[in-house]
Amino acid sequence: MEKYPGKKNTAVFISGRGSNLKSLIKYSKKKNSLVKIILVISNNPSAEGLKYASRSKIKIYGNKKKSNFENKSLKLLKKYNIDLICLAGFMKILSGNFIKKFSKPILNIHPSLLPKYKGLNTHERAIKNKDRFAGASIHKVTEKLDSGKVILQKKVKILKSDNVRSLEKKVLKIEHEIYPKAIEMFLANL
Ligand code: GRF
């Protein structure tokens with residue numbers, strides 16, 4: 001039986017600061033939210049976001065070693081009946097084996113207007129190419145990096161005065177706004 005009827009048991013994977021995690025936790029606490037965050041997992045045991053999750057009384061797991069990390073995570077996902085994984089600033093690439101074994105949906109947030117700028121340094125590349133817009137995308141995770149179906153994206157204007165830091169700040173703000181929305185849209189269409 002589901003722990004919280006009507007809500008998907010969710011695990012969030014992070015690597016650092018965890019500001020997207022915070023926005024997801026805030027969303028999950030809303031009465032009508034579609035998710036209950038049960039578990040936060042990190043490939044970086046000292047990730048700031050883990051401390052926040054702990055204070056929010058959410059179970060945490062942090063481990064640096066890749067092979068152990070995936071196997072132990074899969075066990076925990078099973079133990080806590082996790083239906084959905086949200087990657088939020090998770091900087092490791094999950095193996096095809098992991099994705100296959102979990103077998104339920106995995107979503108990711110990426111700081112670019114996919115399919116543009118897969119991978120790292122997205123803001124730097126957008127500024128260098130003199131793009132007029134940057135943005136963020138929420139997409140399904142597949143074995144191919146940052147290439148699964150896009151669920152939702154939002155643009156921000158790149159101003160002449162923008163640098164990587166200012167652009168990152170603007171995009172992060174919309175990341176916090178669209179991740180909960182994308183989860184709602186995704187789960188409503190399952
Ligand atoms: C976000 O910009 C996310 O899109 C990217 O890494 C950053 C993580 O930020 N992949 P936070 O840990 O959620 O604060």
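Which residue in β6 stands opposite L107? The points below take the model element by element, and the pairing is in point 4.

1. This is a predicted model; local features need pLDDT of at least 70, side-chain atom pairs count only at pLDDT 80 or more, and totals for chains, interfaces and linings use all residues. Residues are numbered from 1 along each chain as its sequence is written, and side-chain values use heavy atoms, with hydrogens and water left out.

2. Strands β2 (residues 35–42) and β3 (residues 59–62) run parallel, joined by 4 bridges. Strands pair here if DSSP finds at least two bridges between them. Helices (H or I, at least four residues) and strands (E, at least two) are DSSP runs, numbered from the N terminus. V40 stands opposite I60 in β3. Between β2 and β3 the chain passes through helix α2 (residues 48–55), and this β-α-β crossover is right-handed. That means a clockwise path from the first strand over the helix to the second, with the strands pointing away from the viewer.

3. G49, L50 and A53 of α2 are buried (under 20% relative accessible area, 1.4 Å probe, protein chains only). Their arc around the axis is only 105°, so they lie on the same side of α2. The arc uses directions from the helix axis to the C-beta atoms. Just after α2, K57 takes a positive phi of about 65°.

4. Strand β6 (residues 133–140) has 6 of its 8 residues buried, so it is largely enclosed by the rest of the structure. Strand β5 (residues 106–110) runs antiparallel to β6, with 4 bridges. L107 stands opposite K140. Strand β7 (residues 150–157) also runs antiparallel to β6, with 7 bridges. I138 has L152 as its bridge partner in β7.

Technical notes: Buried means under 20% relative accessible area, exposed over 50%, partly exposed in between (1.4 Å probe, protein chains only).
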